[in-house]
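The following briefing is intended to be read alongside the sequence and the model.

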Amino acid sequence: MLCGSCFGANEELSKQAVAFYSDNNYNQTLDTLLRIDEKDRTAQDWLLLGNLLDEKGQKEEAVFMYQKAIVVDKKFYKPYYNLANIFLNEEKYHIAIENYKEALKYNKTNPYVYYNLGCAYLRSGDANKAKTQFLKALELKNDVPEFQYNMAYTYKTLGKSKIAQIYLDNYNKLVPTEY
């Protein structure tokens, strides 16, 4: 039997947890999430638990929480993205690439997914695929210095120094010079 007031209480706890997390109050976030029964947690709840564990360096546990989020809502792109970031940092490029692609199935407007997918391709040695992803990231957001820098690096890797210089110039315009 579904308890209407229980659902409302859990929904309120989820909202509180998001608010605490947004305020960087991680202990309160955790305490609030743990008050929600596991079977009643939303994908967002599992995602936040994963984020908390990831920030503590507990990568295996974070991966488990992100996977739980995906089980609850297969179309929620954030756990795929966060899993991919963990695998990218662990130099598991193939798994990272697959998770970034899954994230893109459900959100094609986040430039950071394209950017990080480009980074995964670049690190795995596929500069052409990296270039494609960096260009997509730049189409969505061209004022991020790292996007410009990695595009310059990719073109340099591809032996296209003149095009690389254009992106390097863009990068230098975006990064303030210190005197």
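Contact here means heavy atoms within 4.5 Å. This is a predicted model, in which local features need pLDDT of at least 70 and side-chain atom pairs count only at pLDDT 80 or more, whereas totals for chains, interfaces and linings use all residues. Residues are numbered from 1 along each chain as its sequence is written, and side-chain values use heavy atoms, with hydrogens and water left out.

**Overall architecture**

- The protein chain contains 10 helices and 0 strands; helices (H or I, at least four residues) and strands (E, at least two) are DSSP runs numbered from the N terminus.
- Read from the N terminus, the order of elements is α-α-α-α-α-α-α-α-α-α.
- Along the principal axes, the C-alpha atoms of the protein chain fill a box of roughly 65 × 40 × 25 Å.
- Of the 179 residues in the protein chain, 43% are buried, where buried means under 20% relative accessible area, exposed over 50%, and partly exposed in between (1.4 Å probe, protein chains only).
- Among contacts in the protein chain with a separation of 6 or more, 42% join residues 24 or more positions apart.

- Helix 3 (residues 43-55) has 13 residues and spans 18 Å from its first C-alpha to its last, close to the expected 18 Å; the expected span is 1.5 Å times one less than the number of residues.
- Helix 3 is mostly covered, with 11 of its 13 residues buried; among them are Trp-46, Leu-47, Leu-48, Leu-49, Leu-52 and Leu-53, as well as the polar Asp-45, Asn-51 and Asp-54.- Just after helix 3, Gly-57 adopts a positive phi of about 85°.
- Helix 4 (residues 59-72) has 14 residues and reaches 20 Å between its first and last C-alpha, close to the 20 Å expected at 1.5 Å a residue.
- The buried residues of helix 4 include Ala-62, Val-63, Met-65, Tyr-66, Ala-69 and Ile-70. They lie on the same side of helix 4, because they cover an arc of only 165° around the axis, the arc being that of the directions from the helix axis to the C-beta atoms.
- An α-helix has 3.6 residues a turn, so residues three or four places apart point the same way.
- Exposed residues Glu-60 and Val-71 are carried on the face of helix 4 turned away from its buried side.
- Helix 3 and helix 5 (77-89) are included in what covers the buried residues of helix 4.

**Packing of helix 8 against helix 9**

- The axes of helix 8 (residues 127-140) and helix 9 (residues 145-157) come within 10 Å and cross at roughly 150°. Axes are lines fitted to C-alpha atoms, for helices over the stretch in contact, and angles run from 0 to 180 degrees between N-to-C directions.
- Helix 8 and helix 9 are therefore roughly antiparallel to each other; angles over 145 degrees count as roughly antiparallel, under 35 as roughly parallel, 65 to 115 as roughly perpendicular and the rest as oblique.
- In the contact, helix 8 contributes residues including Ala-127, Phe-134, Leu-135 and Leu-138, and helix 9 contributes residues including Phe-147, Gln-148, Met-151 and Tyr-155.

**Helix 10**

- Tyr-171 is located in helix 10 and is partly exposed, at 23% relative accessibility.
- Leaving aside neighbours within four places in sequence, Tyr-171 is in contact with Pro-145, Gln-148 and Tyr-149.
- The C-alpha atoms of Tyr-171 and Tyr-149 are 5.7 Å apart, although the two residues are 22 residues apart in sequence.
- Ile-163 also lies in helix 10 (residues 161-174), and its relative accessible area of 34% makes Ile-163 partly exposed.
- Between Ile-163 and Met-151, 12 residues apart along the chain, the C-alpha separation is 9.2 Å.

- Thr-29 is placed in helix 2 and counts as buried, at 0% relative accessibility.
- Not counting residues up to four places away in sequence, Thr-29 touches Ala-17, Phe-20, Tyr-21 and Leu-52.

**Positive phi in loops**

- Most residues other than glycine have a negative phi.
- Asn-24, a residue other than glycine, has a positive phi near 60°. Asn-24 sits in the loop between helix 1 (4-22) and helix 2 (26-34) and counts as exposed, at 51% relative accessibility.
- Glu-91, likewise a residue other than glycine, has a positive phi near 60°. Glu-91 is in the loop between helix 5 and helix 6 (93-106) and counts as exposed, at 56% relative accessibility.
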